[in-house]
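Please read the following account alongside the sequence and the coordinates, taking the helix packing, the nonpolar cores and a few individual positions in turn.

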Amino acid sequence: GRLPLDANLAKDAESRGVKAVGLETVESQFRALASVPEPDQIEMLKSGIRFHDRIDDMLETMIQLYLQRQLGAIWPLQIELAEKVGVSGKAFDSAEQSLLVKRNLGMRDKALGYLAQGNAFIAVGGLHLPGKQGLVTLLREAGYTVTAVE
């Protein structure tokens, strides 16, 4: 019965009289998912099915990586686990491009407009933050200081 984190943030903003807006639409998210080629989707599903008996371990490991601010290790972990169950890590390349890289560019572009207005708080999923094509790097390259909120 709990709300997802983004819904909690929006609810909190509303209670404070702050307008919350999305950097993406649900439609654009579905388009990104649909743009991953079907053969790659199937391989990724196979990986998940083959690893189902250890899903609790994987989730706990991901949580610990998140808490230790090791977000950049989460995606490679998933690829490594897929390879351990016989699925090529290459199957994840198109998903990374569609679900992270391209979306990060779009979110950056949308965020820049809000940031230019000032007094903006930007919240995104953890996988969108790390790496050379992550939002932290993209926003810093645009001249902004990016600081984690404790």
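Predicted model: local features only at pLDDT ≥ 70, side-chain atom pairs only at ≥ 80, totals over all residues.

Residues are numbered from 1 along each chain as its sequence is written, and side-chain values use heavy atoms, with hydrogens and water left out.

Two packed helices are described by the angle between their axes and the distance between the axes. Helix H4 (residues 55–67) packs against helix H5 (residues 74–84) at an angle of about 155 degrees, with the axes 10 Å apart; helices here are DSSP runs of H or I with at least four residues, numbered from the N terminus, and the axes are lines fitted to C-alpha atoms over the stretch in contact, with angles from 0 to 180 degrees between N-to-C directions. H4 and H5 are therefore roughly antiparallel to each other, a term used for angles over 145 degrees. The crossing of H4 past H5 is right-handed, meaning that the near helix is turned clockwise from the far one by less than a right angle. On the H4 side, Met 58, Thr 61, Met 62, Leu 65 and Tyr 66 meet Ile 74, Leu 77, Gln 78 and Leu 81 of H5, where contact means heavy atoms within 4.5 Å. By class, this contact has seven nonpolar, two polar and no charged residues.

The largest nonpolar core has 11 residues in all, among them Ala 32, Trp 75, Ile 79, Phe 92 and Leu 99; such a core is a set of buried Ala, Val, Leu, Ile, Met, Phe, Trp, Tyr and Cys residues joined through side-chain atoms within 4.5 Å, and buried means under 20% relative accessible area. H5 and helix H6 (93–117) each supply at least two residues of this core. A second, separate core of eight residues includes Phe 51, Met 62, Leu 65 and Leu 77, and of these Met 62 and Leu 65 in H4 and Leu 77 in H5 also belong to the helix contact described above.

Leu 3 lies in the segment before helix H1 (5–15) and is partly exposed, with a relative accessible area of 41%, the range for that term being from 20% to 50% with a 1.4 Å probe and protein chains only. Leaving aside residues up to four places away in sequence, Leu 3 touches Asn 8 and Lys 11. Ala 148, found in the segment after helix H7 (135–141), is also partly exposed, at 46%.

How values were computed:
Parallel < 35°, antiparallel > 145°, perpendicular 65-115°, else oblique. Nonpolar A, V, L, I, M, F, W, Y, C, P; charged D, E, K, R; others polar.
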